[in-house]
Structures are given as structure tokens and as C-alpha cells.
Amino acid sequence: MTIKKTLMRLAMTTTAIAFGATMALADGAVIAVVGGKADDPFFAKVKKGIDDGTLVVQAHGGTVNYLMLQNYDNIGGDAANLVRTAISQGASVIAVPNWVPDAQDEAIKAAQAAGIPVILYNSGGADKAKELGAINYIGNEEYTAGLAAGAYYGSHGFKNVICVNTVPGAQNLEDRCKGVSDGIGKEGGVSTQLPLPASAFGDPTAVAEAIKATLLGDPSINGAITISAGDANSAATGIDQAGLTGKVQLASFDMDGTGLDRIKAGTQLFAVDQQPWLQGFLAVTMADAYVNYGLAIASAPVLTGPGIVDSANIDATLAGAGAGYR
Amino acid sequence: MTDPNPRMSLGALLRRPETGSFLGLAAVFVFFWIFGGSNFASPNGAASWLNVAASLGIIAIPIGLLMIAGELDISIGSMVPAGSMTCAIISGHFGLPIVVGIGAALALGAMVGLINGLLVVKTAVPSFIVTLGTLFAVAGLLLGLAVIITGTTSVKLQAGPEAKLLLGHFIGGVFQVTIFWWIAAAAFWAFVLHYSKYGNWILAMGGDKVSARNAGIPTDRVTIILFMCSGMSAAFVGLSQAILYNSAQVSAGQSYIFNAIISVVVGGVLLTGGYGSIFGIVLGTLTFAIVNQGIYYTGFDANWASLIIGILLLVAVLMNNTFRKMALSYAPKKKGAKA
């Protein structure tokens with residue numbers, strides 16, 4: 001009994017000391033970061049960047065509080081509520097993705113009205129950041145990513161590329177394909193979109209066969225880019241079945257293990273990456289620098305993508321993927 | 001019901017349940033033959049729709065049998081990715097032998113089917129609702145477990161040469177080996193439905209379940225077995241895709257729900273149950289695959305693909321319905337005494 005009591009007293013004292021220490025250290029920035037679920041593979045990499053950035057914040061005597069969405073059912077409203085939670089917790093700066101501006105803008109304005117600066121990351125864009133008076137936007141822009149992909153094809157001598165869109169009508173994906181078309185256009189090439197009906201979504205054979213048929217129908221096509229990493233696996237089979245491996249070069253937006261292996265093996269030209277780790281890391285460290293020392297990056301927006309993964313940097317990317325950074 | 005008619009007259013042929021489905025198939029084939037050019041008619045073009053039809057067909061047959069028996073299974077939409085992810089996680093992520101992955105995927109399919117069947121039989125809740133529940137439950141379980149185990153929603157799988165040969169091989173470079181699995185499955189199920197007592201049981205259950213039970217048919221057992229078969233078929237398609245495409249994703253497969261039901265209905269099975277044939281389902285699946293894939297061989301703008309698919313499917317079903325009505329209302333004059 002006495003041992004137990006002693007242990008309990010010891011534990012309580014330690015907690016009190018630790019608590020006191022935290023309070024004492026909280027002179028620095030109290031950074032609230034609204035973000036996606038940690039079990040979402042994309043946000044797992046963002047979170048890794050946030051965790052790494054937190055080390056810097058702690059060195060400056062501040063704290064980082066990650067306010068996580070519990071699910072993605074009502075993403076705009078939930079994110080707005082998390083922003084209001086951050087306000088009531090007395091955050092000194094808030095980093096938040098602006099997924100659904102209509103639902104979130106009001107809460108973001110409320111934060112600024114309460115004297116809390118806001119930084120947009122991952123989602124929202126430069127124009128939105130300017131409109132709301134946010135510190136900056138850190139993230140990816142789909143159209144710019146498409147432009148880079150189109151330019152890569154064009155400058156490598158591939159002038160006729162199809163953009164395989166398995167969810168036609170989704171704005172971010174349409175932006176990607178539009179960007180590819182404009183990017184390759186500047187290099188003197190053309191890109192048309194191949195929109196697939198909903199009955200093909202999630203059926204790799206239907207996607208592969210549609211790509212095969214399109215390639216057989218137009219022998220001048222020498223490139224195919226897919227809007228997701230999973231579709232690239234179907235496209236690889238479609239190109240192979242058309243007997244055009246080597247002639248028609250494959251690329252994808254985003255990437256997975258199978259795709260990285262293909263780039264390593266030389267059967268995929270490149271992948272467009274938005275580098276999520278950078279989004280988390282930069283959002284936290286920039287918020288910290290702004291609140292503590294008034295530092296702000298002059299470039300706006302701060303684009304973390306497009307990063308191109310091809311044969312030149314595949315080994316480093318594979319190492320990064322293994323460690324959870326890519 | 002399927003006794004071969006001794007007199008093979010044109011009238012008797014037109015009254016077969018499959019005739020309407022066959023004419024629907026012929027109509028869409030001719031349509032794409034005209035507009036699709038030489039590529040569509042080439043072996044490579046044929047592979048386009050046969051490959052798509054094969055994996056869809058393997059699922060559509062047990063779904064068709066369930067519909068004939070008056071039930072529905074939409075949990076297949078989650079069972080396809082569950083099958084492929086189970087196989088990829090066990091044999092790809094953990095590196096265990098591929099037979100273990102295949103066995104586990106099939107066992108999972110059987111288990112989910114068993115749960116579906118038991119819930120339907122014991123609770124008398126409509127199977128649409130029960131399998132809607134398991135559709136979401138399996139999808140959620142799959143996502144949660146995949147992320148906990150592998151940290152990602154997409155797992156790669158490098159299967160050995162034997163597994164590739166049996167499940168992920170292209171015959172002649174273009175025809176998926178899945179086509180032969182489909183033919184085997186169709187032959188097996190055709191025997192069950194048309195030449196065994198179980199077939200009569202299934203048809204009777206769809207006609208009137210209470211009477212069927214009163215007549216001594218073990219309706220509960222048949223229902224549960226049918227659900228287990230559809231679960232295993234979906235898992236089988238999933239695992240063969242994982243082996244073929246060297247990877248598995250959590251999200252794939254939802255389109256199979258609708259596609260399978262469409263194929264079955266185009267194939268002449270009544271939505272209300274009690275009527276249909278395996279050959280009809282096979283023809284319906286082929287029709288659906290040709291309509292979906294043929295579009296890419298034509299010069300039509302792909303933006304209009306869904307519109308053309310919709311119209312052609314309607315034409316196929318209307319043709320089918322017309323002939324079914326003729327078949328059901330027409331009575332041969334010499335057998336007029338039959339009530």
C-alpha cells in the first residue's frame with residue numbers, strides 16, 4: 001500500500017512539474033493546425049511534416065495542436081468548427097486547408113477578427129489566400145501541376161498525349177487535364193482528354209481496355225497520363241496489350257509503390273507529386289516564424305508541387321517512400 | 001421448363017428465353033461493327049470486350065441466381081476490393097505464398113456471404129438492406145485494417161509465374177485467362193440451374209418462397225449457399241485482378257454492383273425473380289461489355305459515351321422484353337390442353 005501511495009505521489013509531482021514546465025514554455029507560439037485524418041495515406045505524410053516542424057516550434061518555446069477531422073462526411077462544416085475550436089483555445093496562429101470556402105470562409109474571417117492570423121495550406125489557392133487576407137498559401141495547384149506534366153511530355157519529344165480521366169466533371173481533375181493540354185500546347189503538341197463513364201470506375205480491366213482501344217484507334221498517340229496512381233496500373237496493362245510499350249509513354253498524377261517500381265524499371269516516364277510532407281512542414285514552421293519574429297516568405301503562393309519523379313530522382317524518392325516522407 | 005423442344009421450328013426457337021438476349025447482343029455487335037471499323041472486329045478488339053465481360057460475368061452469374069431466387073447481393077462492391085486487398089496484403093505485404101493469399105481471400109468471401117445469408121434468413125430483412133449494410137461494413141473494415149497493417153491504401157503484389165499463368169496471364173498476348181474461368185463458371189452454373197434439382201429449387205423460390213418451403217425445399221440453406229457463392233465469386237475476381245495488375249486498391253469495385261445487375265437484367269432475368277437462364281446472363285454480360293468498350297473503337301467523342309451506352313442498353317432490354325412477352329403469351333396450338 002505504501003509503495004503504491006509513494007508511486008502515486010511521485011507520479012502526481014512529476015505531472016505537476018511537467019505541466020508547470022509546459023506553461024512556462026508556452027511563451028512561444030500556440031499553433032493550431034486543422035488537418036485530415038491521420039489514417040489517410042496522403043495526410044499521414046502531411047502529418048509527418050507537421051511533426052517534424054513541431055520540433056522547431058518547441059525549440060522556440062511554442063506548442064503545436066493538431067485538430068483532426070474525425071471523418072470526411074461533412075468536411076467543410078467540420079473544418080469550420082475546428083477553426084472555431086482553435087479560436088476558443090486561444091491559438092496565436094491557425095493553419096488550415098480551405099477545402100470548402102463557402103463553409104469555411106466565415107470561420108476564417110472570425111479568427112482574423114479575433115486577432116489570430118491564418119495561413120492556408122494544402123487546399124484553397126493563392127487567390128483565396130489574398131481575398132481572405134491570409135499570411136500565405138502553401139500547397140499545390142492542379143492546373144499548374146498539369147502544365148508541368150504537359151511541358152515534360154512536350155520537351156521530351158512526346159507531342160500527342162491522352163489524359164485519362166476516370167471521374168470526368170470533378171473540377172480538380174478537369175484542371176489537371178486542362179493543364180496538360182495547355183502545357184504540351186506550348187511545346188507544339190496536343191493533348192485530348194479521355195473521359196471514362198462511371199461504369200468503368202474501379203474496374204481496372206475496363207479502364208485498361210478503353211485505353212488500349214483508344215491507342216489502337218490513333219497510332220499517333222505517344223503518351224498517356226492518368227489522374228490517379230491506381231489508374232496508372234490499369235493504363236500500363238492497356239499500353240502493353242496494345243503492343244505499344246516503349247512507344248507510348250506512361251505518366252501519372254500522384255504515385256504508389258507499383259508506379260515507383262515502374263519508373264525504376266523504365267516502363268513509366270514520370271509521376272507528378274505534390275509533396276505533402278513539405279505542406280505540413282512549411283505550414284508549421286512559417287506560422288511559427290510569422291508569430292514569433294514577423295518573418296514571412298515574399299513569394300505567394302508557396303507551391304510544394306508539382307514535383308516530378310522520373311528516372312533522375314527515383315532512387316531518392318524510393319528511399320523517401322520507404323521512410324514515409326513520399 | 002428448359003426441356004429441349006423436339007421440333008426445332010423457328011417459332012420454338014423464338015420462344016426460348018435467351019432469344020431476346022441474343023438478338024439484343026447481335027444488334028449492338030452489328031452497330032459497333034459498322035461504326036467501329038476493322039479494329040473492333042480484330043482479335044485484339046474482341047479481347048477488349050471479352051476481358052471486361054469475363055470478370056464481370058463471373059460475378060454476374062451468382063448475382064443472377066440470387067435474383068432468380070428473389071434476393072439481391074450488393075456487398076460484392078466491397079468484396080471485389082476486399083478480395084484483392086486480402087490477397088495483396090497476405091502475399092505481397094507479408095510475402096506469404098500466393099496460395100495462402102488466394103485461400104484467405106476466398107475464405108473471406110465465403111464468410112461475408114455466410115453472414116449475409118444468415119442475416120437475410122434469420123431476420124427476414126430484405127437482402128438489399130442487409131447487403132447494403134455489409135457493403136459499407138466491409139468497405140470500412142477494409143480501409144481501417146489496410147491502413148493499420150500497411151500504412152497505405154494501395155498495396156503492390158508480385159505473384160509468381162504459376163499464379164500469373166493461372167490467373168493473370170494473357171493468352172495469345174491479348175485474351176485474359178479469366179475468360180476461361182468465366183466459361184468454366186458458366187458451364188458449372190448452367191448445369192446447376194438447368195440440369196439439377198437445385199435449379200428447380202432456385203426457380204421455385206423466386207416464384208413463391210412460402211410455397212417452395214411448404215413443398216419441402218430447404219429455402220434457408222439454398223439462400224445461404226447462394227450468398228456464399230456470390231461472395232466467393234467477387235473475392236475471386238478481386239484476387240485475380242490483384243495478380244493481373246500487380247497491385248490492389250481499397251477503393252476499386254463499386255461499379256461492379258450496378259454493372260452486374262444491369263448485365264443480369266439485360267440477360268432476361270426478371271427483377272422480381274422466378275425467371276431467367278445462365279445462357280441469358282452470359283449474353284447480357286457480353287452485351288453490356290460490348291456497349292461499354294465498343295465506344296472506344298468508334299470515332300464518337302468520348303464525352304457522349306454514357307449517352308450511347310444508355311440508349312443501346314435500353315434498345316437491348318426492349319428487344320429482350322418483346323421476345324419474352326411473345327414467349328410467355330404464346331401457347332402452341334397442339335398443346336392447348338395443357339393448363
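A residue is termed buried if 20 or more other C-beta atoms lie within 10 Å of its own, exposed if 12 or fewer do, and partly exposed in between, with C-beta atoms placed from the backbone. The model is predicted; local features need pLDDT of at least 70 and side-chain atom pairs count only at pLDDT 80 or more, while totals for chains, interfaces and linings use all residues. Residues are numbered from 1 along each chain as its sequence is written, and chains are lettered from A and ligands numbered from 1 in the order in which they are written.

Gly188(A) sits in the loop between α7 (171-185) and β7 (190-195) of chain A; helices (H or I, at least four residues) and strands (E, at least two) are DSSP runs numbered from the N terminus. Apart from neighbours within four places in sequence, Gly188(A) is in contact with Gly154(A) and Lys159(A), contact meaning that C-beta atoms, placed from the backbone, lie within 7 Å. The C-alpha atoms of Gly188(A) and Asn160(A) are 9.5 Å apart, although 28 residues separate the two in sequence.

Chain A contains twelve helices and twelve strands, and 52% of its 326 residues are buried. Chain A is divided into domain 1 (2-140 + 276-295) and domain 2 (142-273), with bounds from an automatic or database domain assignment. The C-alpha centres of these two domains of chain A lie 36 Å apart.

Most residues other than glycine have a negative phi, and most peptide bonds are trans. Asp254(A), in the loop between β9 (249-253) and α10 (257-265) of chain A, has a positive phi near 65° and is buried, with 21 C-beta neighbours inside 10 Å. In chain B, Asn246(B) has a positive phi of about 60°; Asn246(B) lies in the loop between α11 and β4 and is buried, with 22 other C-beta atoms within 10 Å. Cis peptide bonds, with omega about 0°, join Ala300(A) to Pro301(A) and Gly305(A) to Pro306(A). Pro301(A) is in the loop between α11 (276-293) and β11 (302-303) of chain A, and Pro306(A) in the loop between β11 and β12 (307-310).

At the interface, 36 residues of chain B are in contact with 32 residues of chain A. Elements giving two or more residues to the chain B side include α3 (43-68), α11 (219-245) and β4 (247-249). The most, five residues, comes from α3(B).

Notes
Contact = placed C-beta atoms within 7 Å.
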